[in-house]
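Please keep the sequence and the model in view while reading.

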Amino acid sequence: MTDRPLVTLDDVRAAKRVIDWRVRRTPMLRSDQLSERLGAGIHFKLELFQKTGSFKVRGALNRMSALSADERRRGVVTMSAGNHAQAVAWAARVLGTHATIVMPARAVRSKVEATRNYGGEVIQTEADLIETMHAVQRERGLVTVHPFDDPMVIAGAGTVGDEVIDDLPETAVILVGVGGGGIVSGVAVAALARRPGIRVIGVEPEGAAAMRLSLDRGSPQKLAAVDSIADGLAAPWAGDLTFEHVRRLGVEIVTVTDAAITNAMWTILERCKVVAEPAGAAGLAALLSGAVTVPPRANVVCIVTGGNVDREKLRSLA
């Protein structure tokens with residue numbers, strides 16, 4: 001395996017300068033009740049209050065801001081189950097270009113509608129998303145914006161980790177859900193550069209654990225199928241670049257059940273009065289289920305990556 005250059009803190013800081021005036025500085029919230037219950041300082045980085053309802057705009061905007069005039073004229077294409085779709089559509093509108101998004105046929109309806117409302121052209125398919133995206137890209141001459149396996153996307157996502165350390169310098173543990181691995185990679189870059197020794201832990205659903213499988217086998221793997229309520233964590237493969245970040249930076253990867261994710265989602269609603277989507281509740285799920293244990297009184301940050309959950313999903317999880 002050939003080592004590829006990793007994103008650096010300088011890259012994250014460069015991304016911050018590009019996106020800072022267009023995205024929100026999301027708040028950090030401490031839960032006293034959960035802190036007492038778990039014997040540690042439990043904090044939530046609330047990226048569900050970000051533009052489009054998730055952290056994804058950070059990476060999409062950073063990547064798309066680098067498009068040349070000709071590339072903006074041609075437009076971009078991507079693939080996504082929902083949050084990256086909305087982010088690319090929003091960023092395209094901000095930057096004056098056109099976005100085409102390939103989405104699964106069974107994507108959450110509210111996410112499809114939101115993507116269209118931001119101005120994105122949605123192509124839903126039962127076929128392989130990657131193959132469909134590449135076919136559309138070749139046919140139309142579009143520029144691909146990868147949902148996670150791109151250094152500029154990773155750097156943009158890494159601004160979340162930079163903000164966490166700004167707001168809580170004594171953070172000992174950061175937990176975040178893992179889909180393709182973009183945000184856990186970026187957060188690890190920023191957090192470890194600023195606070196060596198911090199634990200960065202990625203959390204995957206048992207039914208979509210591509211990164212865990214990749215670490216176990218020593219190379220990026222693709223799953224034959226995924227099965228999880230957390231559609232935001234349902235990427236069926238680990239990216240080449242994100243895998244390298246996770247492997248070389250020593251990111252811990254754990255898995256949790258869908259039941260644990262559901263429990264954490266409702267716990268966040270009850271204790272913090274915010275509605276996280278299942279993917280956004282993965283970090284707390286790892287703590288509540290015992291998949292992760294932390295030292296007494298350690299400061300722990302769970303990144304609530306998004307809040308794009310529709311009524312039908314909420315009803316099904318009640």
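## Two loop residues with positive phi

Arg-297 lies in the loop between α13 and β10 (299-304), where helices (H or I, at least four residues) and strands (E, at least two) are DSSP runs numbered from the N terminus. Phi of Arg-297 is near 70°, which is a positive value in a residue other than glycine. At 72% relative accessibility, Arg-297 counts as exposed, a word used for over 50% relative accessible area, with buried for under 20% and partly exposed in between (1.4 Å probe, protein chains only).

Lys-273 is found in the loop between α12 (258-272) and α13 (282-289), and although Lys-273 is not a glycine, its phi is positive, at about 65°. Lys-273 is exposed, with a relative accessible area of 64%. As background, most residues other than glycine have a negative phi.

## Basis of the model

This is a predicted model, in which local features need pLDDT of at least 70 and side-chain atom pairs count only at pLDDT 80 or more, while totals for chains, interfaces and linings use all residues. Residues are numbered from 1 along each chain as its sequence is written, and side-chain values use heavy atoms, with hydrogens and water left out.

## The cavity

The structure holds one cavity of 30 Å³ or more, a cavity being a set of points on a 1 Å grid over the protein atoms alone where a 1.4 Å probe fits but cannot get out. About 40 Å³ of space lies in the largest cavity, the volume being the space filled by probe spheres set on the points, which are joined across faces, edges and corners.

The lining residues (an atom within 4 Å of a point) include Lys-16, Asp-20 and Glu-163, and α1 (9-19) and α8 (151-167) each supply at least two residues of this lining.

How values were computed: On a 1 Å grid over the protein atoms alone, a cavity is a set of points where a 1.4 Å probe fits but cannot get out, and a pocket is an open set with protein on both sides within 12 Å along at least five of seven lines; lining residues have an atom within 4 Å of a point.
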